[in-house]
Amino acid sequence: QLQLVESGGGLVQPGGSLRLSCAASGFTLDYHVIGWLRQAPGKEREGVSCISRGGGFTDYADSVKGQFNISRDNAKNTVYLQMNSLKLEDTAIYYCAAVRHLLFSRCLRDAKDYPYWGQGTQVTVSS
């Protein structure tokens, strides 16, 4: 059974940091583009960051460039999202998602491109 499990969310003060993890079971992440997407209350799900199969290419939404960093450890079958200098507007449920074949330039455009999803992890930024 293909499964993605996110962890690492929580409550953090503005300016703080969190590292999210996305662990896969039942399949190998090596052959998949991985995206991190988030959904805030009352808003549509949006792409935050994505990483290519080999990890050589990454992309970020303009709102998080210079603030978030995506990485992958294929040996551990895990992808990470390091989030620094967190802001109130970063509050959302964060999901990781995987797709085997995707033009990398599309990886932030449409959540429907991803067939495999985790259950999400809540990130709350609050003072």
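A residue is buried under 20% relative accessible area, exposed over 50% and partly exposed in between (1.4 Å probe, protein chains only). Strands (E, at least two residues) and helices (H or I, at least four) are DSSP runs, numbered from the N terminus. The model is predicted: local features need pLDDT of at least 70, side-chain atom pairs count only at pLDDT 80 or more, and totals for chains, interfaces and linings use all residues. Residues are numbered from 1 along each chain as its sequence is written, and side-chain values use heavy atoms, without hydrogens and water.

Strand S5 (residues 46–51) has five of its six residues buried, so the rest of the structure largely encloses it. Strands pair if DSSP finds at least two bridges between them. S5 runs antiparallel to S4 (residues 33–39), with five bridges. Leu37 is the bridge partner of Gly47. Six residues separate the two strands of this hairpin, and Gly42 has a positive phi near 75°. S5 is also antiparallel to S6 (residues 58–60), through three bridges. Here Cys50 partners Asp59. The S5–S6 hairpin also has six residues between its strands, with Gly55 in the turn at a positive phi of about 90°.

Two disulfides (cysteine sulfur atoms within 2.5 Å) are found in the whole structure. Cys50 bonds to Cys107, S to S 1.7 Å. Cys50 lies in S5 and Cys107 in the loop between S9 and S10 (116–117), so the bond ties together parts 57 residues apart in sequence. Cys50 is buried at 0% relative accessible area, and Cys107 is buried at 2%. Cys22 and Cys96 form a disulfide with sulfur atoms 2.1 Å apart. This link is right-handed, with 65° about the S-S bond.
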